[in-house]
Amino acid sequence: MNWENFLKTNIQKRKLTSIWRERFCIDKSNSRTVSFQGKTYLNFSSNDYLGISHNKNVIDTWKSSVNKYGIGSCSSGHVIGYTAAHRNLEYELAEWLGYSNSLLFISGFAANQSVITSLMNKNDRIFLDKLSHASIVEACIFSNSKFRRFQHNNPFSLKHMIQNSSLGKTLVVTEGVFSMDGDIAPIDQLYNITNEYRAWLMIDDAHGIGVIGKDGRGSSDIFNIKPEILIVTFGKAFGLSGAAVLCNKDTANFLIQYARHLIYSTSMPPAQAETLSEIIRQIKNSDFARAKLSYNIKYFRNNFNLKNIKLSKSVTAIQPLIIGNNDQCLQLSKFLRDKKSIWVQSIRPPTVPLNSSRIRITLSALHQKKDIDALLEALNDFVFVS
Ligand SMILES: *Cc1c(COP(=O)(O)O)cnc(C)c1O
């Protein structure tokens, strides 16, 4: 097949399946509103749960650190790209979350890839939750380990699989708060199982860190458990980007030797690291925003009463409405956007399982009661054209 055919066939195939993806070029957004082509919409699609991306202290810190360090790190952390700003952030993260070590990555995607592919080899096995993020699934494939997916949030399913003995190491991977469903993993039960079978537990807490737990310490704090490997990302509640792995000293030393994303990729800008340290301070002091977010979640759930759409069980800021059918899902998000000036993302396969297309509502501490009222009213006005 030639290049032209390859591209045309695959594009055509996507177009026919109603999972065609398109991007919108946004003018600007915060976690309450989006402007697009000069018009303002209520925003229910942001992961900036506490409104940190526009926090004044954070913005001032970024400006002053750029003045101090320049804009980029200019090399890998193994060359000259590891500064006092990076080191301080690693210390602060480790201390805050109760680990001996932490290492920074440029994204959560890179962290998951790097940690799993460097730690896990051919004779090892990985058990991951069926609904784990694409970056985890792909990492498992690249690692060449044997991997199996256990039923979503089901410790019995994991227990059933892990019982068979194995020559190599065993890693169990799951998310703290699931990105597309908003439900929380039974971390205590999973941890009991990994302990019993001398396996390690890795939690990707992209959507839990900053938002839940004491001082925003995340999902595992709720259960008072420290998974052997914790991944936190800075693109969601931290309102910026980047990620870190929290682990013990040997694991950190191992990763410094073998994690290719650390060795062969430019490290995050020092100004970004310094800004992330300021964000940690802000997040620790964000009890008010977290309470406001909890209030918004309760308000949304208590006032939701749609006949033909069911509310999920999620008690977090991620509130999916499962529609099932791709076209109806697109119609709903288009209706909300075009007719009601409300921006809500529709999520379709393969991001979520077949027949579980959904609109994914994310609530933030910046939303006001009247914003949620507008959303609920708009949802009520929607009649399926099926
Ligand atoms: C967003 C997300 C990632 C990827 O993090 P980035 O920093 O955006 O690359 C990884 N895991 C989960 C569960 C996520 O939601």
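User: Which residues form one aromatic cluster?

Analyst: First, a heads-up: this is a predicted model, where local features need pLDDT of at least 70, side-chain atom pairs count only at pLDDT 80 or more, and totals for chains, interfaces and linings use all residues. Residues are numbered from 1 along each chain as its sequence is written, and side-chain values use heavy atoms, with hydrogens and water left out. Rings of Phe, Tyr and Trp (its six-membered ring) pair if their centres lie within 6.5 Å, and planes under 30 degrees apart count as stacked, over 60 as edge-to-face and the rest as tilted. The cluster's members are Phe 24, Phe 36, Tyr 41 and Trp 343.

User: How many aromatic pairs does the structure hold, and what is the angle between the planes of Phe 36 and Trp 343?

Analyst: The total is 12 aromatic pairs. Phe 36 and Trp 343 make an edge-to-face one, 5.3 Å centre to centre, with the planes at 70 degrees.

User: How many residues apart are Phe 36 and Trp 343?

Analyst: Helices (H or I, at least four residues) and strands (E, at least two) are DSSP runs, numbered from the N terminus. Phe 36 belongs to strand S2 (residues 33–36) and Trp 343 to strand S12 (residues 342–343). This pair links distant parts of the chain, 307 residues apart.

User: Is Trp 343 buried or exposed?

Analyst: Buried means under 20% relative accessible area, exposed over 50%, and partly exposed in between (1.4 Å probe, protein chains only). Trp 343 has a relative accessible area of 6%, so Trp 343 is buried.

User: Which residue lies over the face of Trp 343?

Analyst: A charge sits over a ring if NZ of Lys or CZ of Arg is within 6 Å of the ring centre and within 35 degrees of the ring normal. Here the distance from the ring centre is 5.3 Å, and the residue is Arg 337.

User: Where is Asn 153, and what is its phi?

Analyst: Look in the loop between strand S6 (146–150) and helix H6 (155–162) for Asn 153. With a relative accessible area of 19%, Asn 153 is buried. Its phi is positive, in a residue other than glycine, and near 55 degrees.

User: Which residues does a cis peptide bond join?

Analyst: One of the two, Pro 350, is in the loop between strand S13 (345–347) and strand S14 (357–362). Omega is about 5 degrees for this bond, which joins Pro 349 and Pro 350.
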